[in-house]
Amino acid sequence: MDLLLLDLVIVLAAARLFGALARWLGQPPVIGEIVAGILLGPTLLGPLIGDELFGSEMRPPLQALANVGLVLFMFVVGLELDQKLVRGKGRIAVTVALGSTVVPFVLGCVLALAIAGEHVGGDKTLPFVLFMGAAMAATAFPVLARVLTDRGMQRITLGGLALASAAVIDVLAWTVLAVVVGIAGAGESEGQWKVLLALPYALVMFLVVKPLLARLVPAYEKAGRLTPGLLSLVLLGLIGSAWATEWMHVHFIFGAFVFGAVMPREGAERLNHEILERLEQLAVLLLLPMFFVVAGLNVNLRELDLSSLGTLSAILVVAIGGKLLGSYAAARTQRLPKRQSWALASLLNTRGLTEIVILTVGLQKGVLDDELYSLMVVMALVTTAMTGPLVRRIYPDRRVARDIAEAERAALGATAAHRVLVIVPDPPAEQAPLVGLTTTLALSRSPSEVVLGHLRPYPAGRLEVGSGLSSELAELAETLHDLEALAGSARERGSETRVVSRFSADVAGELPELASGAQADLLVLPAGVPGYAAVRDGAVCRVVTVASLPVPEQAEPGSEPGPVAVRYGSGDDAAAHVALTLAMLWNRPLIVTGGNRASALAQRLSKLGVAAGAGAIPEGALVVAADTGTAPEGAHLLVRAEQDPDPVDWAEAVSALRAPAPQL
């Protein structure tokens with residue numbers, strides 16, 4: 001007994017210490033807890049100290065306590081599984097989940113067939129192959145939720161889609177695992193007929209037990225709190241359900257998970273919150289860390305040799321490659337942008353908790369041997385540890401903040417219009433070509449909004465009541481009249497337009513603040529405005545610098561419209577996209593110049609039905625170029641991409657510009 005208590009002290013202390021270290025490194029605590037178990041086991045301590053502290057006689061009681069923690073944890077997972085996630089995302093979530101499950105599952109089965117002779121034999125081959133497929137296809141829903149919550153991504157569309165897809169993957173993975181466990185246990189005495197009770201058990205849980213559990217809600221409301229009697233009923237049902245599935249040789253984790261899934265949802269928010277509050281403290285703080293440390297104790301990296309490293313490499317390639325490619329391909333079939341598709345695939349590559357649970361089941365059922373179990377645990381650690389840094393690189397914090405702001409505007413009922421801000425210089429009456437250009441760019445998307453920003457410097461000297469004040473007010477009224485006339489022309493073309501104008505003591509100093517406050521998707525900026533460099537450098541959106549005026553938006557009557565030309569090179573998608581927008585909406589030909597990449601883009605656009613060609617820039621062309629800090633000779637518009645830009649999907653860009661056709 002004294003050794004058991006000492007082991008508990010060591011295990012819990014190591015779990016808390018390494019869990020905190022993992023959190024400090026930006027990783028889920030489960031990684032630290034598993035590493036703690038590996039270090040406490042034979043990998044570091046070796047057979048002398050390791051066997052003395054955690055010998056064969058101490059493993060069963062530690063495993064028993066860990067299994068109790070696993071029962072509570074799986075109940076919590078089932079209880080917290082939001083079934084509305086799938087309903088909210090529908091076809092996309094199911095498609096991504098299928099791609100994220102089928103591809104790694106098939107690759108895992110192929111790998112298992114290749115290595116089965118080294119690790120299993122006889123009647124274990126089929127369950128081994130299916131088990132490896134299920135293990136490769138798993139996604140850790142709880143760890144994924146933690147990764148998303150840490151960055152606030154659960155509030156944006158990408159995060160919601162990832163959670164919905166992971167929920168579907170969880171159902172598929174547990175279903176396959178139940179089949180594997182049933183097949184693995186079918187050869188045991190008494191197991192052949194008990195496995196057949198799994199389907200009737202599930203029907204009873206959802207059709208009988210679920211309505212009975214709904215009666216907990218009025219009992220809780222009557223008592224006003226979670227009484228010991230109500231909590232005892234929940235625990236009795238939970239343990240009874242776990243026992244039933246274990247007796248049927250379908251493993252106790254399924255009974256715990258299903259019992260959590262059939263707990264009441266409607267009107268039971270407070271009841272479930274109190275249940276979670278009571279059980280999570282015991283499960284998360286004490287028993288669950290013990291489960292992961294004990295899982296690490298079973299890992300022995302000392303016994304791995306060069307052939308094991310080859311197997312580990314194959315496991316990592318199949319696990320990571322299958323998840324990323326399957327999820328990405330499925331997301332792209334649903335027309336998700338490339339960046340979002342890669343971010344979603346990286347999120348679904350998270351394994352962590354779920355993977356360790358699955359591997360432990362495989363070890364207990366004899367489907368995995370000790371060597372392969374150790375290699376698969378390493379794979380779970382690698383895939384979980386890489387998720388956070390990889391997603392942060394693909395989808396940086398700026399993108400997340402931008403998406404959160406859009407979600408908040410949508411929640412407040414604000415329009416999600418494509419907002420274009422143009423800084424209107426003095427005198428406003430002469431800026432019709434500038435506003436016309438801005439309106440055209442705004443109308444590339446629908447709905448759209450044009451904001452005319454204008455700061456007028458205070459007159460020299462003090463303003464006093466008298467004749468001077470009257471002239472200044474008249475001048476301001478004339479400016480507002482000119483701005484409203486420009487706004488009217490934009491409204492006539494179908495874009496919502498508003499004017500932001502005021503006096504300023506420091507135009508150059510206040511323009512960056514005006515541009516930032518507008519939260520625009522596109523900024524049109526004349527090169528000569530006061531404080532130009534500060535406004536341009538402070539903008540996070542795409543910036544179109546108008547280097548020369550006038551910019552004729554329409555050809556003279558009876559004349560051929562002049563072409564739009566773009567100087568195209570590496571990383572110039574933003575400039576080419578602006579040129580394409582102007583060419584299509586003005587009904588002009590597009591000339592792409594800049595070498596082989598320019599010719600390839602011109603050919604691609606031509607195949608999409610755009611009047612595009614490559615070659616020299618003709619006289620009278622409106623020239624667009626990438627903004628590299630210096631203006632190329634002859635360029636009219638310089639385009640700087642927004643921060644963290646997505647690559648342009650040219651087929652989608654052309655399709656969006658064609659329908660619906662803006663009123664020009």
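Arg419 forms a salt bridge with Glu449, with the closest N and O atoms 3.0 Å apart. A salt bridge here is a side-chain nitrogen of Lys or Arg within 4 Å of a carboxyl oxygen of Asp or Glu. The pair joins distant parts of the chain: Arg419 sits in strand β1 (residues 418-423) and Glu449 in strand β2 (residues 448-457), 30 residues apart. Strands (E, at least two residues) and helices (H or I, at least four) are DSSP runs, numbered from the N terminus. Both Arg419 and Glu449 are buried. Buried means under 20% relative accessible area, exposed means over 50%, and partly exposed lies in between (1.4 Å probe, protein chains only). Arg419 and Glu449 also belong to a network of salt bridges that includes Arg498.

This is a predicted model, in which local features need pLDDT of at least 70 and side-chain atom pairs count only at pLDDT 80 or more, while totals for chains, interfaces and linings use all residues. Residues are numbered from 1 along each chain as its sequence is written, and side-chain values use heavy atoms, leaving out hydrogens and water.

The structure holds 7 salt bridges. Side chains of opposite charge can pair when their charged atoms come close. Arg536 is buried, because its relative accessible area is 14%. Asp627 is buried as well, at 12%. Arg491 and Glu484 form another salt bridge, at 3.6 Å from N to O. Arg491 is partly exposed, with a relative accessible area of 37%. Glu484 is partly exposed at 39%.

Now consider a charged residue without such a partner. Glu355 lies in helix α18. It is buried yet has no salt bridge; the nearest side chain of opposite charge, Arg351, is 4.0 Å away. For charge, Lys and Arg count as positive, Asp and Glu as negative, and His and the chain ends are not counted. Beyond residues up to four places away in sequence, Glu355 touches Ala135, Ala138, Met376, Met379 and Ala380. Contact means heavy atoms within 4.5 Å.

Gly366 is partly exposed, because its relative accessible area is 38%. Gly366 and Pro127 are 239 residues apart in sequence, but their C-alpha atoms are 9.9 Å apart in space.

The wider picture follows. The protein has 27 helices and 10 strands. Of its 664 residues, 52% are buried. Among contacts with a separation of 6 or more, 78% join residues 24 or more positions apart.

In soluble globular proteins, nonpolar side chains tend to be buried together. The largest nonpolar core has 134 residues, and Phe128 and Ile253 touch the most other members. Such a core is a set of buried Ala, Val, Leu, Ile, Met, Phe, Trp, Tyr and Cys residues joined through side-chain atoms within 4.5 Å. Leaving aside neighbours within four places in sequence, Ile253 contacts Leu70, Met74, Trp174, Leu177, Val357 and Val361. A second, separate core of 48 residues includes Leu522, Val564, Val566 and Trp586.

Finally, the surface. The protein exposes about 29,600 Å², and carbon and sulfur atoms supply 61% of it. Accessible areas come from the Shrake-Rupley method with a 1.4 Å probe; for residues, only the protein chains shown count as cover.
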